[in-house]
Amino acid sequence: MDSLLHAGADENLTDFYNALIPYGEKSTSGTTLRREGFSAADSNGSKYISLAESELFIQWALQKVYDTDRSDFLWKTFRPSYIYAFNNAKDLHAGSGEVLQGAKTATTDDYVSFAEFRVFTLYLRIYSIMFDAFADIDGDSEGRTADDDMRLDIDEFIGWYNRSGGGPNFKAFEGVDTEDQARELFETLDADSSGKIIFSEFTASVKEVEIMENTAIGQLLNGDIKPTPVKKKEVNKGASTASNDRRRRDAKTPTKSSDRRPARGNLKTPEKKKASPKKKAMIMPMKVAAAYTPSKNASPDLKDFIKAIQPFSEKTLICGNLRKTAFKSADANGTGKCSLASISQHVKSSLKKELGIERGTEIFALYRPSYIRAFVASKGIAKTGDPDDDNYINFAEFRVLNAYLCVYAGMCDAFMKVDGGGPGVSEDDDRRVEMKEWIASYDTFPASTFVGLTGINNEADATTIFGEMDGDGKGMVLLSEFCEYIRTKEIESKTPLGKLLYQDHLKVKQVGRATILEPNEGEDISP
């Protein structure tokens, strides 16, 4: 943390950062200060503080060091970053899950406890640096101005790079010494390839790189923290007073921009350590693309499939880079378009890489019937003006395609459990489900996360649903009919998965020459 405040930090960031340093110290004086600050925020004595109460603590801490006008200015300047520090801190220690007295649904996990408070103050310092860098880029000017729109484009990013001489001391900004490298960094931070970077995307990308590189900051942001007891030799009775004096002494007061920003030629290359920390393995969220959660009864085969394909569907910096590399590999002829055969090869190579050749080949063959369904569902999402483009997948559609691959593999997995009366593929499977197979299997559906397979309580319910799926009335349900039924029910129920699957509901976003569609929250998605 000591080296995180970079050489180009301006007076506002320096003052804000330094005011919070004593609260993060592992010492008796630091503990005393934290207890005092926590009590100032915890006005009702609940031993937990909300986001609003955490902001009261920040005001209180700033007012102890600066006069009213200065403390209010600093508090308002960095306020957009507080929620990120709060959300990161409140998840450090798992609570009981019980609803708090006087609350409707809130539990202890929705608040910051005193055990999480020290690290919360560290997070405040980390996210304030992220916000300071973001605000300097936004609007082509330092700090927050009328030109800021809380999103970055490539012109603002390159303009910032040319006038600043470098970014903060985060891993994502290391080794950026040319304008081309700055452009590459922008594309990397722009995880969803939208051409714009919002603050939540910016912080998520910076955080992810720190965690993946297993830096000290990454370990802190990831919650890899062990409690450290205060030793007697660390006790300093005059630490509180000395800390205030030191903060005032250390606060920089540059007179002009050139005093704050180092020239590019003077940028120091970070010193290499003798032993690099081992990088972290990627940890994927429980929900694929924030929309699909596999069933508790999902087969090990489906779990392996999702393990290999999900990383290409998530909106993060690392996953964005994986997507770009994978698409380039699939688009072997460089046309910017991928056929069904190319996408199938992408799936096969990804499975082999993650699971090994034998297991990857096995899983590829198992879920192969679902690939064309994901392909057809996603190939018309982005509009490029090219009439032939609707027969292929372009990069603007590639993230959603990978999400669909996971979703339709999940549908296929559920279908295979009914077909033949057991999971996977056996000699009893004929790629169609008859009424007797359906009736024999419906009582296994309650664990399903597809809404169309829930609420089936008896044979009468099961018979009715079979009739809905069997659109042509031939007494059997094909995989295509099963998938369409699942999709329709998700859309009718307006679930997050329904929003992802309902293409006409997706909002327009520009990606290069293509127009991509993304889920638009809060609107009616009924056909």
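Residues are numbered from 1 along each chain as its sequence is written, and side-chain values use heavy atoms, with hydrogens and water left out. Because the model is predicted, local features need pLDDT of at least 70 and side-chain atom pairs count only at pLDDT 80 or more, while totals for chains, interfaces and linings use all residues.

Two packed helices are described by the angle between their axes and the distance between the axes. Here, helix H16 (residues 357-366) and helix H17 (residues 368-378) have axes that come within 5 Å and cross at roughly 65°. Helices (H or I, at least four residues) and strands (E, at least two) are DSSP runs, numbered from the N terminus; axes are lines fitted to C-alpha atoms, for helices over the stretch in contact, with angles running from 0 to 180 degrees between N-to-C directions. On the H16 side, the contact (heavy atoms within 4.5 Å) is made by Ile 363, Phe 364, Ala 365 and Leu 366, and on the H17 side by Arg 368, Pro 369 and Tyr 371. Six of these residues are nonpolar, none is polar and one is charged. In this grouping, Ala, Val, Leu, Ile, Met, Phe, Trp, Tyr, Cys and Pro count as nonpolar, Asp, Glu, Lys and Arg as charged, and the others, Gly among them, as polar.

Turning to charged pairs, the structure holds 14 salt bridges, each a side-chain nitrogen of Lys or Arg within 4 Å of a carboxyl oxygen of Asp or Glu. One of them joins Lys 196 and Asp 153 at 3.7 Å, N to O. Lys 196 sits in the loop between helix H8 (179-189) and strand E4 (197-198), and Asp 153 in the loop between strand E3 (151-152) and helix H7 (154-164), so the pair ties together parts that are 43 residues apart in sequence. Lys 196 is partly exposed, at 32% relative accessible area, and Asp 153 is partly exposed at 21%; buried means under 20%, exposed over 50%, and partly exposed in between (1.4 Å probe, protein chains only).

Within helix H8, Glu 179 and Arg 183 are four residues apart, about one helical turn, and their side chains meet in a salt bridge of 3.7 Å, N to O. Glu 179 is partly exposed at 33%, as is Arg 183 at 35%. In helix H21 (residues 479-492), Lys 489 and Glu 492 are three residues apart, again about one helical turn, and form a salt bridge of 3.5 Å, N to O. Glu 492 is partly exposed at 45%.
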